[in-house]
Amino acid sequence: MIDDTSRLKDNADHWAMDLVDTAAMLVDGEGRLIHANPASHALARRIDPSADPAADPQRLLALIQPSNWNDALATGRWSGQVDAGPLRLGVRLYTTARDGRARSLLTMGELSGGVTPEFELQLSREELHDTARRLAGTQEQLLQSEKMASIGQLAAGVAHEINNPIGYVHSNLGTLQEYLTALMALLECHEAALHADDPKAWRADVQGKRERLDIDFIVGDLPKLLEESREGIERVTKIVQDLKDFSRSSGSGEPMRLVDLHKGLESTINIVWNELKYKVQLERHYGNLPPVECHPSEINQVLMTLLINAGQAIDNRGTITITTGCEAGEAWISVADSGCGIAPEVLGRIFEPFFTTKPIGRGTGLGLAVAYNIMAKHHGRIEVSSKPGVGSVFRMVLPVRQPVSHSA
Ligand SMILES: Nc1ncnc2c1ncn2[C@@H]1O[C@H](COP(=O)(O)OP(=O)(O)OP(=O)(O)O)[C@@H](O)[C@H]1O
Ligand SMILES: [Mg+2]
């Protein structure tokens, strides 16, 4: 509902709309007409001179599809073309929310005849702009869903990595409970001795109990059990934190940060480790890396793609070698595997979306396509060299500082 004050305010704005000879209408958040300028009435009459004049501008409103309203609500504007009787109209819809209330300004112009080519040009430019914005949104969604899909694939492995420490922490707690019972029994014996008339006479009893309960062993084992349990809990916390960092959407508007790439690398290895540990020997040759400006969760996603691909390329047993370094303002990480390698005839296609040589259900062919886009967004690149039967090397290269604009 529009209260009286806002209606008054809206009214005060109408005179400006009434001056222009483009059809312009003001619409509230529920799609109701607040004001239509004389040019809208004139346009509606040209479309259908026989219709009831009282309903004229309302008929113009009805030409806009609900999805177009939604687009305007979501992005602030929509532009397009609609057919209205004998005319083709160029439409622009601007939406804004003020004081919690949405308001839209709708303008319409005839595309054939009366309207200048510049108007048409401007309109198609805006349509292109809108399409580009929608595509950017779709790409962001694709990126996020590919990341979630890889986490889904890894879920069983990650669950295993978490279950393992939880398992021994649980078993340690059982043992600690037994140790506690023994220590309490010994304590009771000490208490009894302390309160006896002749405590010295209890010495043999206390000593006997101490031996029966294996207290010396318990005292030696206790710190080890506690330390092991603490490590287990820390490992679980770390995996959960890594997962959280990884699954976080970096959001297109968020600025890049200066990041320790080695830290992200270790987190990513942690997440994929269960996929690799049975068949892969991992070698690290880390150089010196300065903090690098990037979206860390996206860079981790690239690393994860490279590590999983490397693991999948190895059939039985093999080696993955991770090397890092920095030269001429560029940081690089290479992931080399001793796997099957890539045939020269497909090497040029591996970054294509949906290109995969893996069986259905194993690969969607999106990993490297998404990785490529992430690197492009960071003004970086991925280089590949491969030899069938010998292995492949994927090298991701990132500028240490982003050029010009500090966000992408
Ligand atoms: N390290 C590698 N060794 C051999 N072939 C590789 C390697 N990395 C990528 N490829 C080839 O490139 C193709 C595309 O890789 P990409 O990661 O884009 O998709 P995918 O692994 O097939 O599926 P997913 O979407 O699950 O990642 C793979 O199917 C494979 O043929
Ligand atoms: Mg892949």
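Here is a short tour of a predicted model, stop by stop. In this predicted model, local features need pLDDT of at least 70, side-chain atom pairs count only at pLDDT 80 or more, and totals for chains, interfaces and linings use all residues. Residues are numbered from 1 along each chain as its sequence is written, chains are lettered from A and ligands numbered from 1 in the order in which they are written, and side-chain values use heavy atoms, with hydrogens and water left out.

**Stop one: the ligand**

Select ligand 1 and the 21 residues around it (a heavy atom within 4 Å); Thr356, Thr357, Lys358, Thr364 and Leu368 come nearest. Now look for its polar contacts (N or O pairs within 3.5 Å). A polar side-chain atom of Asn309 lies 2.8 Å from a ligand 1 oxygen. Backbone N or O atoms also take part: one of Gly365 at 2.9 Å from a ligand oxygen, and one of Leu368 at 2.8 Å. Alone, ligand 1 exposes 590 Å², and the protein buries 95% of that (Shrake-Rupley method, 1.4 Å probe).

**Stop two: helix α11**

Next, select residues 367–377, helix α11 (a DSSP run of H or I, at least four residues). Its buried residues (under 20% relative accessible area, 1.4 Å probe, protein chains only) include Leu368, Ile374 and Met375. After α11 comes His379, with a positive phi near 60 degrees.

**Stop three: helix α1**

Finally, pick Leu19, in helix α1 (residues 4–19). Is Leu19 buried or exposed? Leu19 is exposed (over 50%), at a relative accessible area of 66%.

Notes. Helices (H or I, at least four residues) and strands (E, at least two) are DSSP runs, numbered from the N terminus. A polar contact is a pair of N or O atoms within 3.5 Å; within protein, one must be able to donate a hydrogen and the other to accept it, and residues adjacent in sequence count only if both atoms are side-chain atoms.
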